[in-house]
There are 2 protein chains.
Amino acid sequence: MSTRLPVAERRAQLVDAALTVAAEEGIAAATVRRVAEEAGVALGVVHYCFDDKDELFTALAARIVDELAAAGSSGLAFDDGPPDLPTALRCAVAALWESIEASAGAQLLTYEITTHALRNRELRGVAVRQYEVSHAAAEQVLTLAAEASGATWTRPVAELAGEALAFVDGVTLRWLVDGDGGAARARLAEFAGYLATQARTRRRKRVR
Amino acid sequence: MSTRLPVAERRAQLVDAALTVAAEEGIAAATVRRVAEEAGVALGVVHYCFDDKDELFTALAARIVDELAAAGSSGLAFDDGPPDLPTALRCAVAALWESIEASAGAQLLTYEITTHALRNRELRGVAVRQYEVSHAAAEQVLTLAAEASGATWTRPVAELAGEALAFVDGVTLRWLVDGDGGAARARLAEFAGYLATQARTRRRKRVR
DNA sequence: GTCTATAGTTGGATAGAC
DNA sequence: GTCTATCCAACTATAGAC
């Protein structure tokens with residue numbers, strides 16, 4: 001069974017395995033042993049690739065943050081010409097929620113990572129980075145939506161992004177608990193409506 | 001050291017100890033052993049009082065939810081006569097935030113309890129109850145604020161409470177990560193402002 | 001009825017084999 | 001440089017003492 005592999009590839013493989021286990025069964029289930037088993041390697045291999053369980057955890061968190069950043073930068077595509085701001089926001093929210101609803105385990109995992117990181121002084125940076133990336137993604141979406149619809153935010157985008165992030169976070173957690181996707185969507189739609197009041201519309205390019 | 005105690009009192013004492021440990025060091029640190037140590041009793045005593053670690057956890061969660069319900073029902077007091085709605089909301093938010101900011105460990109613990117409960121089928125009810133109580137508390141605050149200021153919500157209170165709860169949840173978690181109390185307060189104030197637009201003012205009792 | 005002493009399991013880490 | 005075999009600590013749970 002012992003297919004020798006360069007350490008970098010092993011690390012990637014192990015982080016994959018850790019993600020699989022943690023998303024499905026929770027962070028507590030992602031023990032060094034369980035991750036090794038999932039990856040099909042002996043226990044000690046994990047400790048050869050990572051100094052420490054914390055280091056494996058940090059790598060896992062980094063990987064999730066990377067995915068988050070990638071998802072954020074995928075952006076909105078408006079093929080039918082420039083929409084108005086409410087429409088753009090509705091699209092953004094719909095796309096966001098679709099991706100959330102399709103990955104409950106991963107969503108729950110991000111909350112677990114946050115709390116776990118907050119409880120361990122050395123891991124605090126993990127939680128901070130998580131939010132920096134999320135915040136940047138939120139700002140980007142808001143900026144793109146405004147640009148696409150030819151509107152201008154009347155308040156700093158950073159503030160709006162902070163509020164949006166908090167709201168989405170809270171709505172998602174609530175949804176994980178009650179499983180009510182309709183209610184979650186309604187809440188997000190309401191917030192999108194609020195956001196639309198925080199911009200003023202510039203003269204629009206005429207659609208021919 | 002063996003002061004014999006009736007089981008009900010021991011249970012209460014142990015839940016106290018569990019709360020102390022969990023709020024300070026996280027739910028993962030609240031092992032049966034650590035709780036016994038904190039309470040100053042032998043390890044086995046915990047297993048005599050609780051069938052199971054899960055039962056101790058459930059008791060801990062119930063105790064936190066009770067406190068939450070109590071805090072919610074403490075209500076708002078407006079000694080200076082009926083305020084207008086924006087003022088009432090500002091007061092409610094300020095009081096809420098003060099209590100949150102004073103108990104970071106307990107706040108973080110509630111998130112840990114939620115995620116932990118969501119990862120264990122048998123404990124799902126714990127998370128659901130947590131949110132039912134929070135939601136009820138939110139509805140109560142909104143209703144009281146409207147009554148005190150002689151206003152009427154133009155949307156179902158349940159919807160507004162759901163949005164408020166989500167937002168407060170998200171803001172709190174963000175604050176636990178970045179420690180920026182000012183930003184948190186600003187976000188909450190903004191939301192209070194939004195809420196005020198969701199009501200219409202009835203004729204006001206004149207203040208003499 | 002209340003508590004103590006002990007068993008059995010699972011986890012993180014390492015010394016050393018290949 | 002990569003992996004295996006082994007160690008030790010910490011945890012949950014229980015059998016039985018008082």
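**Exercise 1. Helix H1 of chain B**

Task: What follows H1(B), and is its phi positive or negative? Then compare the reach of H1(B) with the expected span, and name what its buried residues pack against.

Solution. 
Step 1. B:Gly26 comes after H1(B), and its phi is positive, near 95 degrees. Keep in mind that this is a predicted model.
Step 2. Count the residues: H1(B) has 19. At 1.5 Å a residue, 27 Å is expected. From first C-alpha to last, H1(B) reaches 26 Å, which is close to that value.
Step 3. List the buried residues. They are B:Arg10, B:Leu14, B:Val15, B:Ala17, B:Ala18, B:Leu19, B:Val21, B:Ala22 and B:Ala23.
Step 4. Look for their partners. The buried residues of H1(B) pack against H2, H3, helix H4 (53-73) and helix H6 (104-118), which belong to chain B.

**Exercise 2. Chain A as a whole**

Task: How many helices and strands does chain A have, and in what order do the elements run?

Solution. 
Step 1. Chain A has 9 helices and 2 strands.
Step 2. Read from the N terminus: the order is α-α-α-α-α-α-α-β-α-α-β.
Step 3. Along the principal axes, the C-alpha atoms of chain A fill a box of roughly 65 × 35 × 30 Å.
Step 4. Turn to burial. Of the 208 residues of chain A, 45% count as buried.
Step 5. Turn to contacts. Take those in chain A with a separation of 6 or more: 67% of them join residues 24 or more positions apart.

**Exercise 3. Helix H9 of chain A**

Task: What span should the 16 residues of H9(A) have, at 1.5 Å a residue? Which residues of H9(A) are buried?

Solution. 
Step 1. H9(A) covers residues 181-196. The expected span uses one less than the number of residues, so 16 residues should span 22 Å.
Step 2. Check the model. The end C-alpha atoms are 23 Å apart, which agrees.
Step 3. Inspect the start of H9(A). There, a side-chain oxygen of A:Asp180 comes to within 3.2 Å of the backbone nitrogen of A:Gly182.
Step 4. Pick out the buried residues of H9(A). Among them are A:Leu188, A:Phe191, A:Tyr194 and A:Leu195. A:Arg187 is buried too.

**Exercise 4. DNA strand C**

Task: Which residues come nearest to DNA strand C, and which elements supply two or more residues to the surface near it?

Solution. 
Step 1. There are 19 residues around DNA strand C; A:Arg33, A:Leu43, B:Arg10, B:Ala42 and B:Tyr48 come nearest.
Step 2. Find the phosphate contacts. A polar backbone atom of B:Thr3 is 3.1 Å from a phosphate oxygen of DNA strand C.
Step 3. Name the elements. They are helix H2 (32-39) and helix H3 (43-49) of chain A, with helix H1 (7-25) and helix H3 (43-49) of chain B.
Step 4. Sort by class. The surface near DNA strand C has 8 nonpolar, 6 polar and 5 charged residues.

**Exercise 5. DNA strand D**

Task: Which element gives the largest share of the surface near DNA strand D?

Solution. 
Step 1. Of the 20 residues around DNA strand D, the nearest are A:Arg10, A:Ala42, A:Tyr48, B:Val32 and B:Arg33.
Step 2. Follow the side chains. A:Arg10 places an N or O atom 2.7 Å from a phosphate oxygen of DNA strand D. For a polar side-chain atom of B:His47, the distance is 3.0 Å.
Step 3. H3(A) gives the largest share of the surface, 4 residues.

**Exercise 6. The two chains together**

Solution. 
Step 1. Chain A brings 36 residues and chain B brings 36 residues.
Step 2. About 3000 Å² is buried between chain A and chain B, and carbon and sulfur atoms give 64% of it.
Step 3. In chain A, A:Arg119, A:Arg174 and A:Val177 lose the most area to chain B, together 25% of what that side buries.

Notes. Residues numbered from 1 in each chain as written. Chains lettered and ligands numbered in written order. Predicted model: local features only at pLDDT ≥ 70, side-chain atom pairs only at ≥ 80, totals over all residues. Heavy atoms only, no water. Buried < 20%, exposed > 50% of the residue type's maximum accessible area, 1.4 Å probe, protein only. Polar contact = N/O pair within 3.5 Å; in protein donor to acceptor, adjacent residues only side chain to side chain. Near = heavy atom within 4 Å. Nonpolar A, V, L, I, M, F, W, Y, C, P; charged D, E, K, R; others polar. Contact = heavy atoms within 4.5 Å. Buried area = accessible area lost by both parts, 1.4 Å probe.
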